[in-house]
Amino acid sequence: MKKKTGKQCDLVVVNASELLTLADAPHMPRTGGEMRDLGLIRNGGLAIEGCEFVAVGPSREIESKYAGKAKRVIDASGKVVMPGFVDPHTHAVFAGWRDREWVMRLGGICNAELGIRNAEHRTPQSRGMDYLDVLKAGGGILETVSATRAASQEELMTITKKHLDTMLLHGTTTAEVKSGYGLDLENEIKILKVIEALGEGHPIRLIPTFLGAHAVPAEYKDDPEGYVEAVMGWLPEVKTLARFCDVFLEEGAFNLAQAERILVRAKGLGLALKLHAGEFKDLGGAGLALRLGATSVDHLDYVSEEDMVKMARRAKRVQRLKGSKVQGVTVAVLLPGVPFFLRRGSASGGASARVMIDLGVPVAIGTDFNPGTCPTPNMQLIMTLACLELGMTPEEVISAATINAAHALGYAHRVGSLEVGKRADVLILDVPTYTRLTYQFGVSHVETVIKTGKVVVGDL
Ligand code: NIG
Ligand code: FE
């Protein structure tokens, strides 16, 4: 028998029942029917050298070329192997939870007073307090701002590290993290430094976003314009700690003109742009994001058909002009955990994902992990919600949570697919076929996580 020699490498994964490469995407996010193409290889394998993939393909080829001299070989028989999840939208640095608000929103307090129970809990009168009314009354985001301001940088590090550990266990290998619970320069910087430090010390790759314009803090209650000026004044200092600048465009938060002023200044200073838009109302955020060349516009539970068409047109234009440095594509980051958790689901809210995808809008999905509107950092649960609440197919959802989410962070040259030369971020799922991932919800299917070439979850 011929002795196997093969090429030296660090880690080889073989025999995956389904290897989802998400490869061959052009230099732009997947759109339309492309979102249903997972680049699936049955009985697939991959080889990793250092932090990168050196080969991805049929298991037999990988085995004969690499397995003989590999430092470690993982047998993924009966399992799905795919890229690590990219969560393109989180508010993961915060102190304190908001249990009382949860009960108030459920109507627990008023329901008990009114004697409403069981089936009656679904009537609008018994729904309890509205999320934006809680904010108006000085609660919501502002409650978390008080708790976060009171926490030291070390305390925030400890709390956030725990969240990141949970995210990693559930398969997230890259996550965007926003500031926005400081709302003054000192505390916004404190949060960005927590992100910076954890980005260096934690296995998850963190992409930092400055969200000073998350809410108007109590001290500027009567002078929101003054707060907008203040935020713009902080930009030169925070730009060294953030890759993106984001604004919460919403009634009760910041209006279109204010959002535009902040984002234009941020862009001028070299920050890339994101925007919270259409979470509760369509205030024209998608149009603004397109005009300014934002990398993503997030939420879009409410958005006009006209703006969706414009987003699709932009994507088509960028695809046509391949690679030339015109304004880039703007990805729609949908966050189905939010309308679900705020009970504004399918009937009353939720993004028009089907229309977007059918028009050709590039769609990604994320958790929006935060203590107010989506307390789960689990991308697997969000993926199931994207199927059930947004009508996306399991294939579209996987594209949206990997390669398209990487595009929503301007990071698709490094992550989001299993391709030679990219960072080796890999999940081994204990399911024989990828449809099981979104179908059997509420449990984690992640058995092994490989991040930048190293096993960080599973059999270390
Ligand atoms: O994306 N909308 C603004 N920010 C978060 C919620 C933050 C909070 O309630 O603490 C969101 O939904
Ligand atoms: Fe958000």
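Colleague: How many cavities of 30 Å³ or more does the structure hold?

Modeller: The structure holds three cavities of 30 Å³ or more. On a 1 Å grid over the protein atoms alone, a cavity is a set of points where a 1.4 Å probe fits but cannot get out; lining residues have an atom within 4 Å of a point. A volume is the space filled by probe spheres set on the points, which are joined across faces, edges and corners. This is a predicted model, where local features need pLDDT of at least 70, side-chain atom pairs count only at pLDDT 80 or more, and totals for chains, interfaces and linings use all residues. Residues are numbered from 1 along each chain as its sequence is written, chains are lettered from A and ligands numbered from 1 in the order in which they are written, and side-chain values use heavy atoms, with hydrogens and water left out.

Colleague: What is the volume of the largest cavity, and which residues lie closest to its centre?

Modeller: The largest cavity has about 90 Å³. Its lining has 14 residues, with H91, Y131, I141, H214 and T373 closest to the centre. By class, four of the lining residues are nonpolar, seven polar and three charged.

Colleague: Where does ligand 1 sit?

Modeller: Ligand 1 takes up the space of the largest cavity (more than half of its atoms lie within 2 Å of the grid points). Around ligand 1 there are 15 residues, and the closest are Y131, Y181, E279, D368 and T373 (near is a heavy atom within 4 Å). This shell divides into four nonpolar, eight polar and three charged residues.

Colleague: Which side chain has an N or O atom 2.7 Å from a nitrogen atom of ligand 1?

Modeller: That side chain belongs to H214. Polar side-chain atoms of H276 and of H299 each lie 3.1 Å from an oxygen atom of ligand 1. Taken alone, ligand 1 exposes 330 Å², and the protein buries 100% of that (Shrake-Rupley method, 1.4 Å probe).

How values were computed. On a 1 Å grid over the protein atoms alone, a cavity is a set of points where a 1.4 Å probe fits but cannot get out, and a pocket is an open set with protein on both sides within 12 Å along at least five of seven lines; lining residues have an atom within 4 Å of a point. Ala, Val, Leu, Ile, Met, Phe, Trp, Tyr, Cys and Pro count as nonpolar, Asp, Glu, Lys and Arg as charged, and the others, Gly among them, as polar. A polar contact is a pair of N or O atoms within 3.5 Å; within protein, one must be able to donate a hydrogen and the other to accept it, and residues adjacent in sequence count only if both atoms are side-chain atoms.
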